[in-house]
Amino acid sequence: MSLTAVNWSLIPSPSDDGKADHLEGTDLPDVTLTATTGPAVNMSDLDGIAVIYVYPMTGRPDQDLPDGWDDIPGARGCTPQSCAFRDHHAELKTHGARHLFGVSTQETDYQKEAAERLHLPFPLLSDARRELGDALKLPGMEVAGQYLHKRLTMIAVDGVIKKVFYPVFPPDRDADNVIDWLQSHADGRA
């Protein structure tokens, strides 16, 4: 499955507003999120290395994106980001990632469509009630009357967030950045 390449130079880049600076060293909270496949996932139960990428929303072929979506810094790129994690899933596991999840504020049924259409080999988790976002004080934004998380990626080891990528741009490089970090921190603990 291939996607049309995005010319990221035409998309506004997000800036680091410091709203994720507090995350490194924080424990994953006792929050359970519904998964697109398999049982619900309690974030505090994740052992080993967990890669959790948080994204605003995936679009659907049958629905228009909110007006001005491409003009919002950091909004565009959820599908390329998810596809990059899909394409690097085996490599991430080789480098020690035991868990891989995408998280958005979209409802599970909406996420299932994207997970199936994109052939994702890992679950997407719904934070529709914003429990994870509130517990971790994740950065967010309001778009067309919807609250959306801003894009970031966390690497947790035995339930403690060790690395945060924020902002993530371009999003299709996110999986590569995670792999680079995992390679340079072979046990994931540094």
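Contact is taken here as heavy atoms within 4.5 Å. Axes are lines fitted to C-alpha atoms, for helices over the stretch in contact, and angles run from 0 to 180 degrees between N-to-C directions. Helices (H or I, at least four residues) and strands (E, at least two) are DSSP runs, numbered from the N terminus. The model is predicted, with local features requiring pLDDT of at least 70 and side-chain atom pairs counted only at pLDDT 80 or more, while totals for chains, interfaces and linings use all residues. Residues are numbered from 1 along each chain as its sequence is written, and side-chain values use heavy atoms, with hydrogens and water left out.

Seven strands make up an open sheet of mixed pairing, in the order S2-S1-S5-S4-S3-S8-S9; two strands are paired if DSSP finds at least two bridges between them. Strand S2 (41–42) and strand S9 (160–165) stand at the edges with a single partner strand each, so one side of each has no neighbour in the sheet. S1 and S2 pair in the antiparallel sense over two bridges, with leucine 33 opposite valine 41 in S2. These two strands form a hairpin with five residues between them, and glycine 38 in the turn has a positive phi of about 75°. S1 is also paired with S5, again in the antiparallel sense over two bridges, and here alanine 35 stands opposite leucine 125. By contrast, S4 and strand S5 (residues 124–126) are parallel, with three bridges; serine 126 in S5 is the bridge partner of serine 104.

Helix H3 (residues 108–117) packs on the sheet, where it touches strand S1 (32–35), S4 and S5, and its direction makes about 165° with that of S5. Helix H5 lies across S3, S4, S8 and S9 and runs at about 130° to S9.

The largest nonpolar core has 25 residues, and those with the most contacts inside it are Phe85, Leu92, Val178 and Leu182. Such a core is a set of buried Ala, Val, Leu, Ile, Met, Phe, Trp, Tyr and Cys residues joined through side-chain atoms within 4.5 Å. Buried means under 20% relative accessible area, exposed over 50%, and partly exposed in between (1.4 Å probe, protein chains only). At least two residues of this core come from each of strand S3 (49–54), helix H1 (78–87), strand S4 (97–104), strand S8 (152–157) and helix H5 (174–184). H5 gives the largest share, five residues. Apart from its neighbours within four places in sequence, leucine 182 contacts Ile49, Leu92, His95, Ala97 and Ile155. A second, separate core of 24 residues includes Leu46, Leu132, Leu136 and Val164.

Nine of the 10 residues of H1 are buried, so this helix is largely enclosed by the rest of the structure. Its buried residues pack against S3, helix H2 (89–94), S4, S8 and H5. Serine 82, in H1, is buried at a relative accessible area of 1%. The side chain of serine 82 makes a polar contact with that of tyrosine 53 (2.8 Å). A polar contact is a pair of N or O atoms within 3.5 Å; within protein, one must be able to donate a hydrogen and the other to accept it, and residues adjacent in sequence count only if both atoms are side-chain atoms.

Threonine 105 is located in the loop between S4 and H3 and counts as buried at 12% relative accessibility. A polar atom of the side chain of threonine 105 lies 2.9 Å from the backbone oxygen of tyrosine 147.
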